[in-house]
Structure formats: structure tokens, C-alpha cells
Amino acid sequence: MKNKKKAEDISFEDYLRKLEKIVHRLEEGELTLEESVQAYEEGMSISKICLEKLNKTKKKIEKLVIEGEDKYSTKPFSEKEGEDAIHDF
Amino acid sequence: MNNYTESKIYTVSKLNKYIKKLFENDYNLQDVWILGELSNFKLHSSGHMYFVLKDKESQIRCVMFRGNNSTLRFMPGDGMKVKVRGDVGVYEKRGEYQLYVKEIVEAGKGELYLAFEKLKEKLKDEGLFSEEIKKKLPLIPQNIAVITSSTGAAIRDIITISLRRFPNLSILVVPSLVQGTSAAKEIAKKIDFLNCHFKGLDFIIVGRGGGSLEELWAFNEEILARSIYNSKIPIVSAVGHETDFTISDFVADLRVPTPSAAAEMTIPDKNNLLDNINVSKSKISRAIKRNIELKTENINSLCANLKYQGPENKINQYFQYIDEFIARLNSRIRHQVELYEERVKKDAQRLDSLSPWAVIERGYSICRKVSGKEIVKRLEQIKVGENIEVIISDGKILSKVEKKEAVSN
């Protein structure tokens, strides 16, 4: 659980950078066997996290309807609605 | 005609100089804006521009020197309605007055253009455009909002392109007026609203498709500029065409030339990212495989080394050592034996010289009893008539004792 939270906090960019660093370290070939196994495992889990991050969001196209100063709702948005462009508060 | 005096007669150049001074000293003629239509426009090879500014009833010659016209945003042409700013002065050589133009603005855009420039300067001085305060957009946006007209091509383009690049994206469409007098206020309010209720948004695209300067004007208004500046959520400004620049563009965290470019530039291509990750993955797999191969090779060569250093080799070495030792021992013993042989030989020689035979050789002889072979040293050992043998160097003489005679010394 704690780990999961941590994964949320780190940005995709940071993971990508980490992944590149691991690839680089492994390709240099100067790691001990233990270190390279560790790097391998870390790299694989990071790439898994990256893929998860890429697939996390669900496709959702919604329209915001503001109903008052603090009131609003969302409706599915259809491009073909051809609705009126005027939406005042 | 008769009452002129000599002192009132001017030369032509003096007169023109005087008139020129008059013009120059009249502030009503300096730094003025004049509205008119361009005609007879000529761009000289020197870079200076010559033209006439006219209205229905009148006209004035104008010159705009190279130093002033280099900052023009458009190429003036005949028939254009323009506003020009300049000083009215006298061209002494021809005794003509003309307008020395410093600035030309297309008349239709004039007011707005001036307002734009003024607001731009003001907000710039306040630091609203400063690069340091611009927020960075995340590489993988997940939730974005688009404030624009819900009917225009802009929203369609943004949605289509965004989803093509990143199929699982959450887009919140916030319909808004994008032109007209209340548009700026409405867009600003919606930015504030999103900041209040949708803090998790990765960024907001604010924009509209192309249009005239008037149509795009909402994006040049201060209220919208301030709302963009105050937004905690990064703002992408996507207004009009490539060539249109608005105040919103300057304040926004990212300016993109068109609404479709907003999607192209802010939404990553998911396939590219997937490829990147997969390439990294296979690189990691390859690298670890190679690492393990290298280590295996290493172990193999260590094993070979170990064998070389191992007990088998050591034993062989001892064998060799022992062999060598035995050889040394042998040679030592041989040497010793030789030494003994030598000594024995020497002793034998010495023994030889002591041998009784050597004495006998010199003429002595040994007398022995035949029976018992007892050497006869004294008379009492034998009796008369007993058989004795006398040994000499080359044989023995058998004799019989006839008489015993003692020696008296």
C-alpha cells in the first residue's frame, strides 16, 4: 500500500529517466552479478509501472455544466450535439 | 508695392528655413496621428518609403525612412486605410511640406492594436510574461480540460487529435463564449471555476479557431490575462492561426499556434511511449543476459586457473621435486662410493707393500711345518726328522730337519 502510494507520487518522466539510467548502467556491464540482477528486476518493475501509468486513465469525454457559483455537473459530450455556444453562469 | 524696404526681402532658402522652423515649433504638428488612405506608395531601393495620404478632399505627401519602417508588421499598399503617426515638416529643397512618418497602423485595427500594445507593455512590466513563472506540463496528461466553443472546429480537432495520440485520455469540455464583449470575462470565470473545483487537472487548453482581430479580441483582454496568470493549473493558449499573437499567448504557460497544434504538442503519442518502454525492456534483458554470459566466462576462466593452481599440479610438482631429489641423492652416493673405492685402492696398495710376499721377494723365506702349516719361529717348535716346507718367492722347497743348532747371540 505504501509502495503504491509512492508510485503515485513519482511522475512518469521520473520513471522514464530512471529506466533509462538502469539501461545505461546495465549496458556498461560494470555491475556485480547481484547488482545487475537487482537492476534488472528494478528495470522490469519500473517498465511495468510505466505501462500501468500509460493505461491507467480511462477514455472519458465529458462536458462541464456549471449550474451556479459552486454547483456543476458533467454530461457525456457529443461533438454532434450542435449545441448553443452560450453558457452563462 | 511701394512701401517694402530692403530689410524685408528674403532669399528663398531663408524663407523656407523660416517656415520650417515655424512647423517645428508648433507642437500641434509634431507627433500627430493622421487617418487616411495610402496612395502612390513607393518603396525606394534605399529602403525609404514614399507615399501620399489622402481622404476625399485632400492629400499630403509622406515619407517614412528606413530606420522607422523596418519595424512595420505589414507591407503598406495603395488603397489601404491607415493611421500614421509622424511630424509635419518642410522639405526645403522643394518648398513643400510633408509628413515624416514614424509609425503606420492599419486603420481598422488601429484602436485595438494600440490597446493591445499598451496592455502588452503593462503586463510585461508587471512580470506576467516572465519565463520563470511558467509552469511545466506533465509528459503524460491524464485529465485535461478544454475551454472553447463547444460547436467550433477547434474542439473537434482537439478531441480527435488527442484521442488519436493517446486513446485513453480524460477530456473535460468546458463550453464557453469565445468572442463578443462578455467572452473574456466568461473564459476567465471558467478558468477560476476549474481551479476551484478541478484541482487535479493536468492542464487547461484555452482557445478558439482563427478569426479577425476583433473576433480574437477576448484573448487580448486584461481580465483573461490575469485569470491565466493566477491559475494554479497550467494553461495552454491556442488561439487562431500561426500568425496570430494574443496577450493570452504571452501569459499562458505554453503558447501553441492553433487548437490542433495544442493537441499535437501537449498530448504524447502513446505508441511512441510504449515503443520506448519496450525498447528499454529488451535492452535490459539483453544487457543482463550479456552480463551473465560475461560472468560465466569469467567463472570458466577462473576454474581453469584454479585447476592450474590446484593440488593435482602441486602433487606433480612434488613428484618432480622428489625425482630431482633422488637423482641428487644418487649422484651423491655414487660420489661417496667413488671416494671409498679410491681409499680402498690406496689402502690395498699400502697393504701390498706390507705383504710378506714383498719380503720374500727380497730373499727372505718362510719356514712352515708341513703338518699344520705352523710357521716355525723357534727351534723348540720342531724336531729333527720332521718335514718342513720353505716358502720362497716362486715356490716352496720341501725339506727334512737334519739338525737343530741354536744361535748364540
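**Where chain A meets chain B**

Let's start with the contact itself: 49 residues of chain A touch 47 residues of chain B, where contact means heavy atoms within 4.5 Å. This is a predicted model, where local features need pLDDT of at least 70 and side-chain atom pairs count only at pLDDT 80 or more, while totals for chains, interfaces and linings use all residues. Residues are numbered from 1 along each chain as its sequence is written, chains are lettered from A in the order in which they are written, and side-chain values use heavy atoms, with hydrogens and water left out.

Next, the area. About 4200 Å² is buried between chain A and chain B, and carbon and sulfur atoms give 68% of that. Buried area is the accessible area (1.4 Å probe) that two parts lose on being put together, summed over both.

Which elements of chain A give two or more residues to this side? They are helix H2 (12-28), helix H3 (33-56), strand S1 (60-66) and strand S2 (72-76). Helices (H or I, at least four residues) and strands (E, at least two) are DSSP runs, numbered from the N terminus. H3(A) gives the most, with 13 residues.

Now the strands. S1(A) runs parallel to strand S7 (residues 170-175) of chain B, joined by four bridges. Two strands pair if DSSP finds at least two bridges between them. Lys60(A) stands opposite Ser170(B) in S7(B).

S7(B) also pairs with S6(B), parallel again, over six bridges. There, Ala145(B) stands opposite Leu172(B). In S6(B), residues 143-148, five of the six residues are buried, meaning under 20% relative accessible area (1.4 Å probe, protein chains only).

Notes. Buried means under 20% relative accessible area, exposed over 50%, partly exposed in between (1.4 Å probe, protein chains only).
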